Structure formats: C-alpha cells, structure tokens
Amino acid sequence: MQGKLSCRGKANNKASPGLKIDCAKLQRTAAVIGAGVAGSSTARHLARKGWQVTVFEQAANLEHGVNALGQLALRCRIFAQDNSLARFFLAGFLYSAREFQRMSRDEGLGWHPCGLVQLQRAGRHRKKDPAALERLYPEEVLLWRSQEQLRALTGLPLARSGWHSPAAGWLDPLELCQTWLNHPAIELKQGTAIDQIVRESDGWRLLSDSKDIGGRDFPVVVIACGMGALRFPQSASLPLQSVSGEVLRIRESEASGAIHHIIQGERGIFPAYQGRHCISASFGTDENAQEDLTGQSLAMVGDLFNSPLQLKLEGIESAKAKRCQSADFAPVLGAAPDFAECRRLYAPLARNARAAGLPPPAHLPGLFFNLAHGSHGLCSAPLAAEYLASVIHGENPPLSREIAGALDPLRFLIRRLQRQQVD
Ligand SMILES: Cc1cc2nc3c(=O)[nH]c(=O)nc-3n(C[C@H](O)[C@H](O)[C@H](O)COP(=O)(O)OP(=O)(O)OC[C@H]3O[C@@H](n4cnc5c(N)ncnc54)[C@H](O)[C@@H]3O)c2cc1C
C-alpha cells in the first residue's frame with residue numbers, strides 16, 4: 001500500500017495526434033447524442049468552456065428510464081487495491097460532490113448530502129478488510145464504524161457494523177439532467193433518435209430516420225447514449241451489455257420517517273422524498289431478468305435492521321430501467337478509435353503482446369465516446385464530462401495518462417489482440 005489514494009496524476013499533456021483538435025480553426029459547435037446523466041453533463045461542461053451544444057435525445061421527454069426512478073445515490077465505487085480505476089472513481093466521487101454542491105448553491109438543484117451507511121455483508125461475503133480500506137480512502141469517503149456507532153449516528157436499529165460515507169448523498173436524476181441542460185448555449189432536441197453518423201468534409205452529419213436533421217455538420221460529436229451506441233458502425237464493436245434493474249418506491253410511514261441516511265446492504269433504502277422511499281435496485285442481465293423481485297428486495301431491506309422497521313407495504317410502486325456496462329465494468333471514455341486502422345497498426349501485438357515502438361492510435365477526428373457508466377453514473381459521469389470537454393477544448397485534462405488509459409475505448413481491442421482473440 002502506498003498510503004491513501006490520490007486523485008492526482010501526471011497530467012496527460014502529450015495527447016496523441018488523433019486527439020489534437022485545432023480549436024482556432026474550429027467553430028466551437030458540438031452535438032451530443034443522448035440526454036442522460038452522461039450526455040447532459042457533457043453538454044454542460046462543453047457549454048461552460050464556450051461551446052454551442054445541440055443535444056439529441058430519442059425520447060419525447062426526459063422523464064423516462066433512469067430519470068423516472070426518483071432518487072439516485074452518489075456513492076463512491078470502492079476498490080480493495082490502489083489502481084487506476086480506484087483513483088478514477090475516488091476523484092469522480094469528490095468531483096461530483098463538489099459539482100452538486102455548486103449546482104445546489106447556484107442553480108437550486110435539490111442535492112441531499114445526507115451520507116450513506118453501507119452495512120458489512122454477512123457471513124462468507126465479508127470480504128473487504130476495514131483497516132486496509134481506511135488506509136486507502138479519505139475520511140469523507142469511508143469510515144469504518146461499529147454497530148453501536150452506526151446506531152448512534154442514524155438512530156436506527158441497524159443489524160451490523162459497516163461503513164459510513166459522510167460525503168455521499170442523493171438527488172433526483174431528472175432534476176439533475178434538466179439543470180445541466182438549462183444553459184443558454186445548449187439546445188435540446190427531444191424525440192430525435194440519431195440512427196447514422198456520417199463523415200463529411202466539414203465534420204459529422206447526423207441522420208434520424210435516415211434523414212439529415214441538423215442541416216449542418218458538427219465538427220465534434222459525443223456519443224453518450226448508452227446501449228444506443230451499438231447502432232453506429234463507429235462504436236458497434238464496443239463490448240457493451242444492458243443490465244435491467246427495478247427500483248421500488250414505498251410510502252413513508254411514521255417509523256420510516258426516521259431514516260435520514262441512505263442505508264445500504266444487499267439492497268438499500270433512501271430517506272423519504274415526496275412521501276416515498278426508494279428501495280435501491282435489484283439487477284439482472286436481460287437474459288436472466290426475473291419477473292418479480294419485489295418480495296426479495298423487501299426482505300433484504302428488512303435484513304438491514306435488527307428489529308423490524310414498520311414499512312407501509314400497500315401501494316408499492318415499481319420502476320424499471322436499464323443501465324449500460326462494459327465488459328470490464330469501467331466507463332468507455334475518450335476519442336473514438338478508428339478500429340479498422342488500429343487493428344492494422346497493432347497487429348504485431350498478436351505475435352508479441354509486449355511489442356514496443358508501435359505508432360500512436362488512429363482516431364476518427366472529432367468523434368468521442370462517453371459511455372458505460374454502469375451502476376455508478378453519478379460518481380463517474382461528471383468527471384468524465386469534464387475530462388472530455390477538456391480534451392475537446394484543448395486544455396490539460398484532469399486525469400493522468402494512466403487513468404485515461406484505463407478508460408480508453410481502444411483498451412478492449414488491444415487486449416483482444418494481445419490474447420490472440422482477433423481473427
Ligand atoms: C435501476 C437503476 C438504479 C440505479 N441506481 C444508481 C444509483 O443509485 N447511483 C448511480 O450513480 N447510478 C445508478 N444507476 C446507474 C445510472 O443510472 C447510470 O450509470 C446512468 O444513468 C448512465 O447514464 P447515461 O447517460 O450513460 O445512460 P442513460 O441514462 O441510459 O442515457 C442515455 C440516453 O440516450 C438516449 N438515446 C439512446 N440512443 C439514442 C439515439 N440513437 N439517439 C438519441 N438518443 C438516444 C436514451 O433515450 C437515454 O436518454 C442505476 C441504474 C439503474 C438501471
């Protein structure tokens with residue numbers, strides 16, 4: 001262990017040639033495909049740097065999918081070792097907490113930094129060593145607490161010891177996206193599913209129903225539409241997977257009104273919002289999604305407490321949504337590789353996985369990905385947006401070369417070549 005995780009790294013000053021964008025020559029106009037957490041935050045971060053942004057969203061309004069869930073938690077994704085992903089998620093968590101705090105102060109966003117309690121898993125699932133994690137993470141992110149300490153903190157009859165994350169909190173994802181998109185330099189075009197991205201001499205032309213919708217070409221396009229990315233040839237080879245989840249919303253009772261922290265175990269329960277508590281999602285891949293996970297989720301919430309908390313079980317609402325994750329569970333972030341050309345450039349890796357002296361990657365100019373935020377989009381998407389906006393704008397990006405490499409869309413092809421899995 002090298003001490004606590006650091007968010008800083010060596011700045012990635014030397015962008016590869018494909019990443020270099022001559023801002024002076026560019027009209028600062030960009031298109032973003034998808035108005036979820038990733039697309040909305042990317043649009044806002046570009047707008048902050050002076051770009052005019054058009055966001056294309058296939059749904060007729062923003063109240064669908066994840067945005068209809070009511071409450072999402074900002075929680076740090078925790079790793080047992082210090083590595084690039086651990087550093088990215090820690091930096092992302094702290095960045096998001098600051099961004100939401102600022103939006104709450106300046107734009108009236110309902111951000112609730114109530115803290116989160118993660119109870120230790122029972123029995124054989126007790127995996128993470130408290131002392132090792134406390135050495136890695138700062139106190140505002142993770143503090144080990146005994147059962148008595150957690151009971152005193154929350155005032156609830158919690159069943160086990162666990163972790164307290166004081167800087168965690170929750171917000172309404174619909175309100176978050178609306179707030180990010182509410183900027184004079186951002187135009188939102190709803191009900192517009194992009195189905196083709198075509199390279200023209202001045203940039204990218206976007207087509208919907210095979211018709212040109214913009215009447216102009218965009219020098220920069222960010223694909224931030226989750227699984228929707230698979231419909232474009234430029235991103236179709238990315239290993240993305242759709243995972244279905246169900247969130248329950250139960251009515252607030254006198255007893256449950258005492259919940260002021262997010263309490264998390266196998267499932268979690270949020271403080272009440274608009275008279276209801278969210279019970280965090282149960283997930284299954286599309287192939288194995290179960291029909292009814294309601295009973296299981298309620299039982300798991302019951303397991304959080306030693307004595308049963310009286311919950312109102314009549315009138316339970318459930319909401320389903322899907323998330324997009326990558327084969328290695330990390331976001332897919334950065335300039336879009338020209339996969340066919342990269343396959344040719346890096347063919348030597350199939351003969352020698354450590355081949356040196358290879359050329360820099362080839363990219364599709366002006367095309368970027370911000371995808372696969374998995375189950376931690378609130379933690380990863382805002383910093384990902386700031387990273388992309390910095391790269392696009394030609395500033396020093398806020399992630400080290402090592403961290404950016406761990407998220408780079410090219411990593412999957414490189415690994416497959418090294419393992420001789422490419423025909
Ligand atoms: C049930 C559930 C609970 C979750 N709970 C949490 C939580 O508590 N905390 C947390 O951090 N994360 C949580 N997540 C994960 C989080 O929701 C995701 O990480 C996040 O939504 C990813 O955002 P996104 O913008 O990448 O994708 P999405 O939210 O899927 O947004 C993509 C958008 O692109 C649009 N689109 C798709 N194709 C096209 C096209 N061709 N043209 C135009 N638009 C298109 C879609 O309509 C959609 O609006 C949860 C996810 C689920 C499913």
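Let's start with the ligand, which lies between two domains, because domain 1 (17–66 + 175–239 + 327–418) and domain 2 (116–166 + 243–321) both give residues to the shell around it; these bounds come from an automatic or database domain assignment. This is a predicted model, in which local features need pLDDT of at least 70, side-chain atom pairs count only at pLDDT 80 or more, and totals for chains, interfaces and linings use all residues. Residues are numbered from 1 along each chain as its sequence is written, and side-chain values use heavy atoms, with hydrogens and water left out.

Around the ligand there are 35 residues, of which A38, E57, A73, I194 and G374 come nearest; a residue counts here if one of its heavy atoms lies within 4 Å of the ligand. By class, the shell holds 18 nonpolar, twelve polar and five charged residues, with Gly counted among the polar ones.

Now look at the ligand's oxygen atoms. A polar side-chain atom of E57 lies 2.6 Å from one oxygen atom. Backbone atoms take part too: a polar one of G374 is 2.7 Å from an oxygen atom of the ligand, and a polar one of V37 is 3.1 Å from an oxygen atom of the ligand. The ligand taken alone exposes 1000 Å², and the protein buries 91% of that, as computed by the Shrake-Rupley method with a 1.4 Å probe.

Which element gives the most to the shell around the ligand? That is β18, with three residues. Elements that give two or more residues include α1 (37–48), β3 (72–74) and α9 (377–393); helices (H or I, at least four residues) and strands (E, at least two) are DSSP runs, numbered from the N terminus.

Key. Polar contact = N/O pair within 3.5 Å; in protein donor to acceptor, adjacent residues only side chain to side chain.
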